[in-house]
There are 2 protein chains.
Amino acid sequence: MKKQNMEHTRLLVLGLLSSGDMYGYQMIVELERRSDGTFAMKEGTLYPVLHGLEKDGLVDAYEQAAPTGRMRKYYRLTRKGKEALKTEAQDWRRYAAAVDAVLGVSFA
Amino acid sequence: MKKQNMEHTRLLVLGLLSSGDMYGYQMIVELERRSDGTFAMKEGTLYPVLHGLEKDGLVDAYEQAAPTGRMRKYYRLTRKGKEALKTEAQDWRRYAAAVDAVLGVSFA
DNA sequence: TCCTATACCTCGAGTTTCTATGTATTCAGC
DNA sequence: GCTGAATACATAGAAACTCGAGGTATAGGA
(Lines give C-alpha, C1' and ligand atoms only; values in the text may rest on other atoms or scores of the structure.)
Protein backbone atom coordinates (compact mmCIF):
# COMPACT_ATOMS: atom_id res chain seq x y z
CA MET A 1 0.00 0.00 0.00
CA LYS A 2 1.74 3.09 -1.23
CA LYS A 3 1.37 6.40 0.48
CA GLN A 4 -0.57 9.02 -1.39
CA ASN A 5 1.38 12.13 -2.14
CA MET A 6 -0.45 14.88 -0.32
CA GLU A 7 2.45 16.94 0.82
CA HIS A 8 1.24 20.33 -0.26
CA THR A 9 -1.54 20.21 2.29
CA ARG A 10 -0.95 23.64 3.69
CA LEU A 11 -0.95 25.24 0.28
CA LEU A 12 -4.13 23.44 -0.71
CA VAL A 13 -5.92 24.44 2.47
CA LEU A 14 -4.88 28.05 2.07
CA GLY A 15 -5.99 27.91 -1.56
CA LEU A 16 -9.38 26.61 -0.59
CA LEU A 17 -9.87 29.29 2.02
CA SER A 18 -8.96 32.03 -0.43
CA SER A 19 -12.34 31.46 -2.06
CA GLY A 20 -14.24 31.80 1.19
CA ASP A 21 -14.47 30.55 4.76
CA MET A 22 -14.89 26.83 5.17
CA TYR A 23 -15.16 24.19 7.87
CA GLY A 24 -13.02 21.11 7.97
CA TYR A 25 -15.35 18.55 6.58
CA GLN A 26 -16.33 20.89 3.77
CA MET A 27 -12.68 21.26 2.78
CA ILE A 28 -12.32 17.53 2.33
CA VAL A 29 -15.40 17.36 0.12
CA GLU A 30 -14.50 20.52 -1.79
CA LEU A 31 -10.93 19.38 -2.31
CA GLU A 32 -12.10 16.15 -3.84
CA ARG A 33 -14.59 17.97 -6.04
CA ARG A 34 -12.18 20.61 -7.35
CA SER A 35 -9.42 18.09 -7.96
CA ASP A 36 -11.85 15.85 -9.81
CA GLY A 37 -11.31 13.00 -7.39
CA THR A 38 -7.53 13.21 -7.29
CA PHE A 39 -7.26 14.44 -3.72
CA ALA A 40 -8.87 12.47 -0.93
CA MET A 41 -7.51 14.15 2.14
CA LYS A 42 -7.94 12.25 5.35
CA GLU A 43 -9.27 13.79 8.52
CA GLY A 44 -6.19 12.63 10.35
CA THR A 45 -4.23 14.78 7.93
CA LEU A 46 -6.44 17.83 7.76
CA TYR A 47 -7.23 18.61 11.36
CA PRO A 48 -3.66 18.69 12.65
CA VAL A 49 -2.76 20.90 9.68
CA LEU A 50 -5.63 23.28 10.42
CA HIS A 51 -4.56 23.54 14.04
CA GLY A 52 -1.03 24.20 12.92
CA LEU A 53 -2.14 26.96 10.56
CA GLU A 54 -4.15 28.49 13.38
CA LYS A 55 -1.22 28.35 15.76
CA ASP A 56 0.93 30.04 13.14
CA GLY A 57 -1.65 32.76 12.70
CA LEU A 58 -2.39 32.01 9.05
CA VAL A 59 -6.02 31.24 9.73
CA ASP A 60 -8.44 31.89 12.54
CA ALA A 61 -11.54 29.99 13.49
CA TYR A 62 -15.06 30.80 14.59
CA GLU A 63 -18.00 28.60 15.41
CA GLN A 64 -21.25 28.92 13.59
CA ALA A 65 -24.40 26.83 13.64
CA ALA A 66 -25.42 25.04 10.48
CA PRO A 67 -29.03 25.36 9.30
CA THR A 68 -29.53 21.96 10.88
CA GLY A 69 -28.45 23.34 14.22
CA ARG A 70 -25.13 21.52 14.33
CA MET A 71 -22.04 23.43 15.26
CA ARG A 72 -19.41 23.96 12.62
CA LYS A 73 -15.95 25.37 13.05
CA TYR A 74 -15.23 27.74 10.22
CA TYR A 75 -11.75 28.77 9.23
CA ARG A 76 -10.85 32.10 7.70
CA LEU A 77 -7.63 33.36 6.13
CA THR A 78 -5.86 36.06 8.07
CA ARG A 79 -3.82 38.74 6.35
CA LYS A 80 -0.73 36.76 7.22
CA GLY A 81 -2.39 33.71 5.69
CA LYS A 82 -3.05 35.55 2.45
CA GLU A 83 0.58 36.54 2.22
CA ALA A 84 1.66 32.98 2.96
CA LEU A 85 -0.63 31.74 0.22
CA LYS A 86 0.94 34.11 -2.27
CA THR A 87 4.42 32.94 -1.36
CA GLU A 88 3.58 29.26 -1.30
CA ALA A 89 1.70 29.43 -4.59
CA GLN A 90 4.79 30.94 -6.19
CA ASP A 91 6.91 28.20 -4.66
CA TRP A 92 4.51 25.65 -6.06
CA ARG A 93 4.71 27.06 -9.58
CA ARG A 94 8.47 27.08 -9.39
CA TYR A 95 8.49 23.54 -8.09
CA ALA A 96 6.09 22.28 -10.76
CA ALA A 97 8.06 24.00 -13.51
CA ALA A 98 11.25 22.44 -12.21
CA VAL A 99 9.79 18.95 -12.22
CA ASP A 100 8.56 19.46 -15.76
CA ALA A 101 11.99 20.72 -16.76
CA VAL A 102 13.68 17.65 -15.35
CA LEU A 103 11.17 15.37 -17.02
CA GLY A 104 11.78 17.16 -20.28
CA VAL A 105 8.19 18.21 -20.83
CA SER A 106 7.94 20.49 -23.80
CA PHE A 107 5.38 23.25 -23.95
CA ALA A 108 6.18 24.23 -27.50
CA MET B 1 14.60 25.79 9.05
CA LYS B 2 11.87 24.49 6.80
CA LYS B 3 12.15 21.21 5.03
CA GLN B 4 12.48 21.34 1.29
CA ASN B 5 9.81 19.55 -0.63
CA MET B 6 11.61 16.83 -2.52
CA GLU B 7 9.03 14.08 -2.39
CA HIS B 8 8.91 13.15 -6.03
CA THR B 9 12.42 11.82 -5.84
CA ARG B 10 11.74 8.54 -7.56
CA LEU B 11 10.02 10.22 -10.46
CA LEU B 12 12.84 12.73 -10.84
CA VAL B 13 15.51 10.04 -10.78
CA LEU B 14 13.66 7.95 -13.34
CA GLY B 15 13.21 11.06 -15.48
CA LEU B 16 16.92 11.82 -15.35
CA LEU B 17 17.83 8.28 -16.32
CA SER B 18 15.48 8.34 -19.29
CA SER B 19 17.94 10.64 -21.01
CA GLY B 20 20.87 8.32 -20.43
CA ASP B 21 22.76 6.35 -17.81
CA MET B 22 24.09 8.35 -14.91
CA TYR B 23 25.96 7.89 -11.67
CA GLY B 24 24.74 9.24 -8.35
CA TYR B 25 26.82 12.32 -7.99
CA GLN B 26 26.06 13.28 -11.58
CA MET B 27 22.34 13.08 -10.89
CA ILE B 28 22.60 15.60 -8.09
CA VAL B 29 24.51 18.03 -10.28
CA GLU B 30 22.28 17.43 -13.29
CA LEU B 31 19.13 17.79 -11.24
CA GLU B 32 20.23 21.15 -9.96
CA ARG B 33 21.17 22.26 -13.45
CA ARG B 34 17.95 21.19 -15.17
CA SER B 35 15.78 22.60 -12.43
CA ASP B 36 17.65 25.90 -12.58
CA GLY B 37 18.76 25.62 -8.98
CA THR B 38 15.39 24.63 -7.53
CA PHE B 39 16.33 21.09 -6.64
CA ALA B 40 19.28 20.47 -4.39
CA MET B 41 18.95 16.80 -3.64
CA LYS B 42 21.03 15.56 -0.75
CA GLU B 43 23.16 12.45 -0.92
CA GLY B 44 21.39 11.12 2.14
CA THR B 45 18.21 11.27 0.07
CA LEU B 46 19.48 10.04 -3.26
CA TYR B 47 21.46 6.95 -2.40
CA PRO B 48 18.76 5.18 -0.39
CA VAL B 49 16.32 5.95 -3.22
CA LEU B 50 18.68 4.53 -5.83
CA HIS B 51 19.12 1.37 -3.82
CA GLY B 52 15.37 1.10 -3.46
CA LEU B 53 14.86 1.50 -7.21
CA GLU B 54 17.45 -1.19 -7.81
CA LYS B 55 15.82 -3.53 -5.33
CA ASP B 56 12.48 -2.97 -7.07
CA GLY B 57 14.04 -3.74 -10.44
CA LEU B 58 13.39 -0.33 -11.95
CA VAL B 59 17.09 0.35 -12.49
CA ASP B 60 20.23 -1.72 -12.60
CA ALA B 61 23.78 -0.68 -11.93
CA TYR B 62 27.17 -1.27 -13.41
CA GLU B 63 30.61 0.01 -12.52
CA GLN B 64 32.72 1.92 -14.97
CA ALA B 65 35.96 3.79 -14.59
CA ALA B 66 36.01 7.52 -15.17
CA PRO B 67 38.73 9.00 -17.43
CA THR B 68 40.53 9.88 -14.21
CA GLY B 69 40.58 6.25 -13.21
CA ARG B 70 38.03 6.59 -10.44
CA MET B 71 35.23 4.08 -10.23
CA ARG B 72 31.73 5.26 -10.87
CA LYS B 73 28.51 3.37 -10.34
CA TYR B 74 26.22 3.98 -13.28
CA TYR B 75 22.50 3.39 -13.15
CA ARG B 76 20.39 2.39 -16.10
CA LEU B 77 16.62 2.20 -16.55
CA THR B 78 15.26 -1.29 -16.95
CA ARG B 79 12.20 -2.01 -19.05
CA LYS B 80 10.20 -2.12 -15.85
CA GLY B 81 11.69 1.24 -14.92
CA LYS B 82 10.60 2.77 -18.20
CA GLU B 83 7.06 1.61 -17.62
CA ALA B 84 7.13 2.94 -14.08
CA LEU B 85 8.33 6.29 -15.38
CA LYS B 86 5.45 6.47 -17.82
CA THR B 87 2.95 5.75 -15.06
CA GLU B 88 4.50 8.08 -12.52
CA ALA B 89 4.83 10.90 -15.04
CA GLN B 90 1.12 10.60 -15.75
CA ASP B 91 0.40 10.62 -12.03
CA TRP B 92 2.51 13.73 -11.71
CA ARG B 93 0.63 15.55 -14.45
CA ARG B 94 -2.66 14.62 -12.87
CA TYR B 95 -1.39 15.74 -9.49
CA ALA B 96 -0.08 19.07 -10.78
CA ALA B 97 -3.29 19.75 -12.67
CA ALA B 98 -5.30 19.01 -9.54
CA VAL B 99 -3.26 21.43 -7.43
CA ASP B 100 -3.72 24.11 -10.06
CA ALA B 101 -7.44 23.39 -10.15
CA VAL B 102 -7.73 23.78 -6.39
CA LEU B 103 -5.72 26.99 -6.46
CA GLY B 104 -7.95 28.30 -9.20
CA VAL B 105 -5.22 28.83 -11.74
CA SER B 106 -6.67 29.78 -15.07
CA PHE B 107 -5.06 28.73 -18.30
CA ALA B 108 -7.43 30.71 -20.48
C1' DT C 1 50.51 20.46 2.10
C1' DC C 2 45.89 21.66 2.40
C1' DC C 3 41.49 22.61 0.60
C1' DT C 4 37.92 21.75 -2.66
C1' DA C 5 35.57 18.84 -5.69
C1' DT C 6 34.42 14.32 -6.78
C1' DA C 7 32.24 9.91 -5.40
C1' DC C 8 30.29 6.51 -2.63
C1' DC C 9 27.63 5.31 1.67
C1' DT C 10 24.80 4.94 6.42
C1' DC C 11 22.45 6.32 10.62
C1' DG C 12 19.43 8.88 13.52
C1' DA C 13 16.42 12.84 13.90
C1' DG C 14 12.70 15.46 12.33
C1' DT C 15 8.55 16.14 9.63
C1' DT C 16 4.52 14.64 7.33
C1' DT C 17 0.73 11.69 6.29
C1' DC C 18 -1.98 7.68 7.06
C1' DT C 19 -4.63 4.23 9.61
C1' DA C 20 -7.31 3.44 13.23
C1' DT C 21 -10.14 4.88 16.57
C1' DG C 22 -13.35 7.74 19.31
C1' DT C 23 -17.36 10.85 20.00
C1' DA C 24 -21.70 12.79 18.59
C1' DT C 25 -25.52 14.50 15.50
C1' DT C 26 -28.72 14.35 11.47
C1' DC C 27 -31.33 12.18 8.02
C1' DA C 28 -33.29 8.57 4.99
C1' DG C 29 -35.24 4.18 4.68
C1' DC C 30 -37.52 0.43 6.76
C1' DG D 1 -38.59 3.71 16.45
C1' DC D 2 -34.49 1.65 14.70
C1' DT D 3 -30.45 1.42 11.90
C1' DG D 4 -26.96 2.74 8.86
C1' DA D 5 -24.86 6.37 6.19
C1' DA D 6 -23.34 10.90 6.06
C1' DT D 7 -21.91 14.79 8.65
C1' DA D 8 -18.48 16.86 11.89
C1' DC D 9 -15.01 17.18 15.13
C1' DA D 10 -10.65 15.19 17.13
C1' DT D 11 -6.22 12.41 18.65
C1' DA D 12 -2.63 8.70 18.93
C1' DG D 13 0.54 5.65 16.97
C1' DA D 14 2.58 3.73 12.81
C1' DA D 15 4.75 4.30 8.51
C1' DA D 16 7.24 6.85 5.11
C1' DC D 17 10.31 10.25 3.53
C1' DT D 18 14.03 13.64 3.69
C1' DC D 19 17.67 15.84 5.90
C1' DG D 20 21.80 16.72 8.63
C1' DA D 21 25.78 14.84 10.05
C1' DG D 22 29.16 11.93 9.65
C1' DG D 23 32.40 8.42 7.44
C1' DT D 24 35.69 6.85 3.62
C1' DA D 25 38.53 7.77 -0.28
C1' DT D 26 40.75 9.90 -4.59
C1' DA D 27 42.12 13.79 -7.68
C1' DG D 28 43.59 18.28 -8.66
C1' DG D 29 44.81 23.08 -7.81
C1' DA D 30 46.84 26.75 -4.86
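## The protein–protein contact

Chain B puts 26 residues into its contact with chain A, and chain A answers with 27. Keep in mind that this is a predicted model. Between chain B and chain A, about 2500 Å² gets buried, with carbon and sulfur atoms giving 64% of that area. Three residues stand out on the chain B side: B:Trp92, B:Tyr95 and B:Val102 supply 27% of what chain B buries against chain A, more than any other three residues.

As for charge pairing, the count of salt bridges between chain B and chain A is 0. Polar contacts do turn up, though: 8 residue pairs across the interface of chain B and chain A, both partners at pLDDT 80 or more.

## Who builds the chain B face

Helix 1 (9-17), helix 2 (24-34) and helix 4 (79-103) of chain B each bring at least two residues to the side that touches chain A. Helix 4 of chain B has the largest share of that side, with 11 residues. Sort the residues of this chain B face by type and you get 14 nonpolar, 6 polar and 6 charged.

## How the two copies relate

Turn chain B by 180 degrees, with a shift of 0.0 Å along the axis, and it lands on chain A with an RMSD of 0.0 Å. The two copies are thus related as by a two-fold rotation axis. Both copies use the same surface, too: 100% of the contact residues of chain B recur in chain A.

Which residue of chain B comes closest to the rotation axis? That's B:Ala96, whose C-alpha sits at 3.5 Å from the axis.

## Around DNA strand D

There are 20 residues around DNA strand D, and the ones that come nearest are A:Tyr25, A:Glu43, A:Arg70, A:Arg72 and B:Thr45.

Some specific pairs are worth a look. B:Arg70 goes for a base instead: an N or O atom in its side chain is 2.8 Å from a base oxygen of DNA strand D.

The elements giving two or more residues to the surface near DNA strand D are helix 2 (24-34), helix 3 (43-55) and strand 3 (71-77) of chain A, plus helix 3 (43-55) of chain B. Helix 3 of chain A has the largest share, 5 residues. By type, the residues of this surface near DNA strand D split into 6 nonpolar, 7 polar and 7 charged.

Terms used. Residues are numbered from 1 along each chain as its sequence is written. Chains are lettered from A and ligands numbered from 1 in the order in which they are written. This is a predicted model: local features need pLDDT of at least 70, side-chain atom pairs count only at pLDDT 80 or more; totals for chains, interfaces and linings use all residues. Side-chain values use heavy atoms; hydrogens and water are left out. Copies are superposed by least squares on the C-alpha atoms of residues with pLDDT of at least 70 in both. Contact means heavy atoms within 4.5 Å. Buried area is the accessible area (1.4 Å probe) that two parts lose on being put together, summed over both. A salt bridge is a side-chain nitrogen of Lys or Arg within 4 Å of a carboxyl oxygen of Asp or Glu. A polar contact is a pair of N or O atoms within 3.5 Å; within protein, one must be able to donate a hydrogen and the other to accept it, and residues adjacent in sequence count only if both atoms are side-chain atoms. Helices (H or I, at least four residues) and strands (E, at least two) are DSSP runs, numbered from the N terminus. Ala, Val, Leu, Ile, Met, Phe, Trp, Tyr, Cys and Pro count as nonpolar, Asp, Glu, Lys and Arg as charged, and the others, Gly among them, as polar. A residue is near a molecule or strand if one of its heavy atoms lies within 4 Å of it.
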